[in-house]
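Trainee: I have just been handed this one and have never looked at it before. Could you walk me through it?

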Amino acid sequence: MTVTTSDTTRPQVPAPSWVYRLESVTRTYQQKGRTIQAVAGVDLQIDSGDFVTIQGPTGGGKSTLLQLLGALDQPTSGHVYLGDLDMATASHSRLEKLRAHDIGFVFQGFNLIPTLTAAENVDMALEPLRLPRVERATRVAEALEHVGLAQRADHRPVELSGGQQQRVAIARAIVKRPKVLLADEPTGNLDEAMRDEILLLLERLNTQGLTLVAVTHDSAVAQRARRRLYLSAGTVADIKD
Ligand SMILES: Nc1ncnc2c1ncn2[C@@H]1O[C@H](COP(=O)(O)OP(=O)(O)OP(=O)(O)O)[C@@H](O)[C@H]1O
């Protein structure tokens, strides 16, 4: 008998069309004897390849939800699936691995290390992946190329504009080839021209297949999203035009 491992002989199991699935997700905090429901029974599915923005009033729960999506926090009750994995019950070491491999983060303040060059900042994200040195260098060069900063690889953050620093931060987020890119006010510290530059880059990454979820107060960012969510008092709703 011939045993074959050819893909064509295997039953085709379609990859899930969603990246995240949240079921009855609640996150409460105890403060001075009071219970604060930051996220209150959220059901939500985010499709693979989507570009989702999350808007809403201050204190509405946006940061808390983003932390749950980013495996930086776990819900008080309910389930947060990333692919097939329920992050609500995953171990801390599993969550750490998820953050290192599958989830890219971009923050309002860029969070670059000032003493390192652009290339070294991007390379930091590959540290936990234990790749061979040559592949690591190739990936860093590709990521910087992708964000249009190949010529600035040896520059330190102080030698770059705000928009360029955010592009380095995006390169650092995508160099690990994550399943999803989470952004917290990615244009918050930028003027209009730089904001447009970052928006174009995010859109390009999205059309290339990267799933994007961005918390934003900036309606210009939200207008470019495929799907806009509104989070208020811990509950989420789609914004319809
Ligand atoms: N660590 C914490 N301990 C206690 N309460 C918290 C904590 N983190 C958040 N909260 C509370 O949870 C609620 C939601 O906060 P969250 O930061 O998620 O809102 P947000 O929509 O991101 O607000 P903003 O737009 O101001 O950043 C708020 O009432 C907040 O005070």
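This is a predicted model: local features need pLDDT of at least 70, side-chain atom pairs count only at pLDDT 80 or more; totals for chains, interfaces and linings use all residues.

Trainee: Okay, which residues surround the ligand?

Mentor: The ligand is surrounded by Tyr29, Gln31, Ile36, Ala38, Gly56, Thr58, Gly59, Gly60, Gly61, Lys62, Ser63 and Thr64, where a residue is near a molecule if its C-beta atom, placed from the backbone, lies within 6 Å of it.

Trainee: And which element gives the largest share of that shell?

Mentor: That is α1, with three residues, while β1 (18-31), β2 (34-47) and α1 (62-69) each supply at least two. Helices here are DSSP runs of H or I with at least four residues, and strands are runs of E with at least two, numbered from the N terminus.

Trainee: Switching topic, is α5 mostly covered or uncovered?

Mentor: It is mostly covered, as eleven of the 13 residues of α5 are buried, meaning that 20 or more other C-beta atoms lie within 10 Å of a residue's own, whereas 12 or fewer makes it exposed and anything in between partly exposed, with C-beta atoms placed from the backbone. Among the buried ones are Arg167, Val168 and Ile170.

Trainee: What covers them?

Mentor: The cover includes β6 (103-107), α3 (118-124), α4 (133-146), β7 (180-184) and α6 (192-207), counting two residues as in contact if their C-beta atoms, placed from the backbone, lie within 7 Å.

Trainee: How far apart are the end C-alpha atoms of α5?

Mentor: They are 18 Å apart, which agrees with the 18 Å that residues 162-174 should span at 1.5 Å a residue, the expected span being 1.5 Å times one less than the number of residues.

Trainee: What is the strand order in the open sheet of four strands?

Mentor: The order is β2-β1-β4-β5, with antiparallel pairing. Because β2 and β5 (85-86) stand at the edges with a single partner strand each, one side of each is left without a neighbour in the sheet. Strands pair if DSSP finds at least two bridges between them, and five bridges join β1 to β4 (residues 77-82), with Tyr81 in β4 as the bridge partner of Arg21.

Trainee: Last one, where is Gly209?

Mentor: Gly209 sits in the loop between α6 and β8 (211-215), and Gly209 counts as exposed because it has 8 C-beta neighbours inside 10 Å.

Note on methods: Residues are numbered from 1 along each chain as its sequence is written.
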